[in-house]
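I opened this entry to keep track of what I looked up in the model, going from single residues to the whole chain.

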Amino acid sequence: MRERRSRVWAGIDAGKGHHWAAAVDETGATLWSKKIDNDESAILTALGEILELADEVHWAVDISGTSSALLLALLAAHGQQAVYVPGRTVNRMSGAYRGEAKTDARDAYVIAETARQRRDFAVINVPAQLTADLALLTGHRSDLVADRVRLVNRLRDVLTGIFPALERAFDYSSHKGALVLLTGHQTPAALRRRGRARLTAWLASRGVRGADAVAATAMEAARAQHTALPSEDVAAQIVADLAAQVLALDDRLKRINKQIRDTFRGHPQAEIIESLPGMGPILGAESVVSAGDLSAYVDAGHLASAAGLVPVPRDSGRRTGNLHRPKRYSRRLRRVFYMSAQTSIIREGPNRDFYLKKRAEGCKHVQAVIALPRRRASVLWALLRDGRVFTSAPPVTQAA
């Protein structure tokens, strides 16, 4: 029988169809290495075999997304914690070991060895039900927004080929009335046949605001072009279909935005997060998904570092003070802070005052906007620490 160890380190190279797991002891010797199908019975069997190797098992994986969701859930159900070893680290550590082969078994061994030698990797926590719901909803919303951008760009490209004057007349990314117009009229001849009065009535019957102004702009574009371009009829059908798809996507986005808002406001930190200027329910939900429990960070600097808002020094010898953008941080959390900062400077308040102060100090717009998210990270962390909502006036300091 194999001698039972006190501690082993298990590294898992996760994949969509299968995983490869390898376990090493204190000396780095491989004790166990097998391929595991990504289904519950196979994972449980492998889990039992690895747990039999030692009294204490340290787990490490290189993917913390959907591919390893079942694996991480089963580990958590059996009281096991796993750390996340980034793929960049695994790639660089592979060069420290003999051979140039690239296999799943080798990657799993490197992950286990890296976890054995380092103790500073982040622990992967299986998200709570509400956080998991928000992760799915915000991810689906991002996909819908990307689809909408693609459809609008395609619509404008096809419309330019048959009616460039009408394509220039409206901003189809934000003008619902223009999209409704394109579902029924796509060519100059069709607009002229309809006439302004009947076009206004047609738009008004479909709930378009400012129907007369939309009709006037469309008729002006129609009078500017009297030439029918090749494949006009086919292109007109494509434009109408694309416009209808964009309108349908808008309805789906409204429904999912409401669902995200209702779900997010069930979070215990929602009121505090949403009180920060520029941080609405959508960005608040994304912050919860990307950062987890924001109040769990040791200090504001750790939160800012997780969002990539703290520069990293690269000094060598006499060269000091060289600060660079970090490479390992949450891109999604960084986007949350930047987008909310951009929104907050539109209205009067302390955020706009700080932005104008930086501009007065000689900073350009981009530099001033970069400085604002770092300050907002400190404010948000302090609000969560104190358990209070944001107010424009500072709280009254009471004597001890």
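I began with Leu-53, which sits in the loop between helix H1 (40–51) and strand S4 (54–61), where helices (H or I, at least four residues) and strands (E, at least two) are DSSP runs numbered from the N terminus. Is Leu-53 buried or exposed? I found a relative accessible area of 6%, so Leu-53 is buried; the term buried stands for under 20% relative accessible area, exposed for over 50% and partly exposed for what falls in between, with a 1.4 Å probe and protein chains only. I also looked up Leu-31, 22 residues apart from Leu-53 along the chain, and the C-alpha atoms of the two are separated by 8.1 Å.

Before going on I noted the conditions: this is a predicted model, in which local features need pLDDT of at least 70 and side-chain atom pairs count only at pLDDT 80 or more, while totals for chains, interfaces and linings use all residues. Residues are numbered from 1 along each chain as its sequence is written, and side-chain values use heavy atoms, with hydrogens and water left out.

Next I turned to Thr-89 in helix H3 (residues 87–94), which is buried at a relative accessible area of 9%. Which residues does Thr-89 touch, not counting those up to four places away in sequence? I listed Thr-114, Arg-118, Phe-121 and Arg-328, taking contact to mean heavy atoms within 4.5 Å.

Phe-354, in helix H16 (residues 350–360), also counts as buried, at 11% relative accessibility. Leaving aside neighbours within four places in sequence, I found Phe-354 in contact with Ala-371, Leu-372 and Arg-375; for Leu-372, 18 residues apart from Phe-354 in sequence, the C-alpha to C-alpha distance is 7.2 Å.

I then checked Ser-231, in the loop between helix H10 (211–223) and H11, and noted that its phi is near 60°, a positive value in a residue other than glycine. Ser-231 is exposed, with a relative accessible area of 55%.

For helix H13 (residues 281–291) I recorded that nine of its eleven residues are buried, among them Pro-281, Glu-286 and Ala-291. What covers the buried residues of H13? The cover includes helix H5 (129–162), helix H11 (232–264), helix H12 (270–275) and helix H15 (331–344). Just after H13, Gly-292 takes a positive phi of about 70°.

Turning to the domains, I read domain 1 (5–126), domain 2 (134–262) and domain 3 (269–386), with bounds that come from an automatic or database domain assignment. The C-alpha centres of domain 2 and domain 3 are separated by 37 Å, and nine residues of domain 2 are in contact with seven residues of domain 3.

Last, I looked at the whole protein chain, whose secondary structure comes to 17 helices and eight strands. Its radius of gyration is 28 Å, well over the 21 Å that the globule rule gives for 400 residues, so the chain is more spread out than a compact globule; the radius is taken over C-alpha atoms, and the rule is 2.2 Å times the number of residues to the power 0.38. I noted that the C-alpha trace spans about 90 × 65 × 50 Å along its principal axes, and that 41% of the 400 residues count as buried.
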